[in-house]
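Subject: Structure for you to look through

Hello,

Here is the structure we talked about. Please open it and keep it beside this email as you read.

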Amino acid sequence: MSSTVKTTLKVVGVLVAIAVLYFIRDVLGYLLLSFVFASALKPGVNFLEKKNIPRTFSAILIFLLFLIFLGALFYLVLPPLINEVQNFISTFPQYWENFLSWLPQFEDWLEKMPFGQNIANTINQSIEGLSKAVGSVIGVIYGFFGQVFDFFFILIVAFYLLIEKDVGGRLSQLFFSKNDQTKTKISKYCNLAEKIAGRWLQGYIFLGIIVGILVYIGLLILGAKYALILAVLAGALEIIPFFGPVFAGVAGFILCFFQGGWTMALWAAFIFFIVQQLENYLIVPMIMKNRVDLNPLLTIIVLFIGGRLGGFLGMILAVPITAILLAFLKERKV
């Protein structure tokens with residue numbers, strides 16, 4: 001067989017493999033998400049195993065505690081959150097009318113600024129899109145949590161990965177049983193990936209919960225409506241360094257402005273500012289020492305790419321996958 005034919009076959013093989021991976025990207029995404037969950041829970045299992053508790057029993061115990069925590073979180077947050085979203089949708093026309101009555105003053109101010117008209121047009125288009133999409137929020141929530149089979153598939157795979165002590169070693173033994181050097185490298189990189197993915201999920205969950213609670217308490221004291229929506233938004237957007245908290249603060253400022261005018265809006269901005277300072281100077285140094293940090297611009301880019309390729313699931317996995325790949329590159333340079 002000539003070299004040209006061999007090269008052609010290799011190229012065709014690579015293209016076929018890429019096509020197959022693209023068509024099963026949802027399954028791959030679920031497997032990667034299971035890996036991330038298992039990586040976050042594995043330190044607890046390893047700790048119990050060191051205390052002479054059998055690994056299988058340790059995995060069951062840690063997994064049950066995780067499910068109880070997840071169930072309690074959903075039970076406490078989801079019903080009131082859905083209620084607040086429904087109330088917001090019902091009152092949104094009133095906020096829209098308030099905005100339209102205030103908009104001429106804002107447009108007059110923008111016209112005096114450079115590129116002000118372009119900014120005004122962009123804002124109008126964005127709010128029109130929001131007014132059309134806001135009615136589907138409940139459908140999105142129910143659709144996401146309605147995928148019961150996918151959810152249990154992720155949990156089952158995560159549980160089996162949790163029981164397995166050395167996933168990298170098993171994989172390398174399965175595919176490269178006769179090559180000790182390759183087996184060692186695969187096991188090493190797999191352990192590194194577990195460490196990075198686990199730290200990312202642990203840091204994101206703890207940071208998101210703490211920030212969400214602080215924002216919720218602050219807005220409750222302020223007497224702002226839809227405090228839970230803004231708190232969940234603030235916690236979820238912690239996935240985007242710097243820009244996520246800023247976006248959550250802007251959303252809180254706008255929503256509070258239409259509830260109580262400039263006074264409430266400025267107090268809301270002050271609350272978000274204080275929470276951000278507490279996060280930067282107290283929460284992260286004390287609790288999230290080993291958190292995975294990425295460049296904010298790089299994070300936004302990979303979130304956009306992940307969303308394009310895999311939707312909501314792709315956005316979730318974009319950050320830990322990028323962190324793992326960067327860790328691999330650093331490891332190769334050492």
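Where in helix 2 does a kink lie? It lies at L41, shortly before the proline P43, and the bend is about 40°. Keep in mind that this is a predicted model.

**The overall fold**

The protein has eleven helices and zero strands. Read along the sequence, the pattern is therefore α-α-α-α-α-α-α-α-α-α-α. There are 334 residues, and 34% of them count as buried. The accessible surface comes to about 20,600 Å². Carbon and sulfur atoms hold 71% of that surface.

**The nonpolar core**

The largest nonpolar core has 64 residues. Within this core, V215 and L219 have the most contacts. Seen by helix, at least two core residues each come from helix 2 (25-50), helix 3 (55-111), helix 6 (148-163), helix 8 (180-222), helix 9, helix 10 and helix 11 (296-333). Helix 10 gives the largest share, with 13 residues. Now zoom in on V215. Leaving out residues up to four places away in sequence, V215 touches L230, A231, A234, F272 and V275.

**Helix 2 and what follows**

Helix 2 has 26 residues. From its first C-alpha to its last, helix 2 reaches 37 Å. That is close to the 38 Å expected at 1.5 Å a residue. Just after helix 2 comes N52, with a positive phi of about 65°.

**Two salt bridges**

How many salt bridges does the structure hold? It holds two. Side chains of opposite charge can pair when their charged atoms come close.

E49 counts as partly exposed, at 24% relative accessibility. R55 is buried, at 10%.

**S58**

S58 sits in helix 3. Its relative accessible area is 0%, so S58 is buried. Which residues does S58 touch, not counting those up to four places away in sequence? They are V45, L48, E49 and I53.

**E238**

Last, find E238. Its place is in the loop between helix 9 (227-236) and helix 10 (243-287). At 7% relative accessibility, E238 counts as buried. Beyond residues up to four places away in sequence, E238 touches Y204, L207, G208, V211, P245 and E279.

Best wishes

How values were computed
Residues numbered from 1 in each chain as written. Predicted model: local features only at pLDDT ≥ 70, side-chain atom pairs only at ≥ 80, totals over all residues. Heavy atoms only, no water. Helix = DSSP H or I, 4+ residues; strand = E, 2+ residues; numbered from the N terminus. Buried < 20%, exposed > 50% of the residue type's maximum accessible area, 1.4 Å probe, protein only. Contact = heavy atoms within 4.5 Å. Areas by Shrake-Rupley, 256 points an atom, 1.4 Å probe, with all protein chains shown as cover. Core = buried A, V, L, I, M, F, W, Y, C linked by side-chain atoms within 4.5 Å. Salt bridge = Lys/Arg side-chain N within 4 Å of Asp/Glu carboxyl O. Expected span 1.5 Å × (residues − 1). Bend = angle between axes of the 7 residues up to and from the residue.
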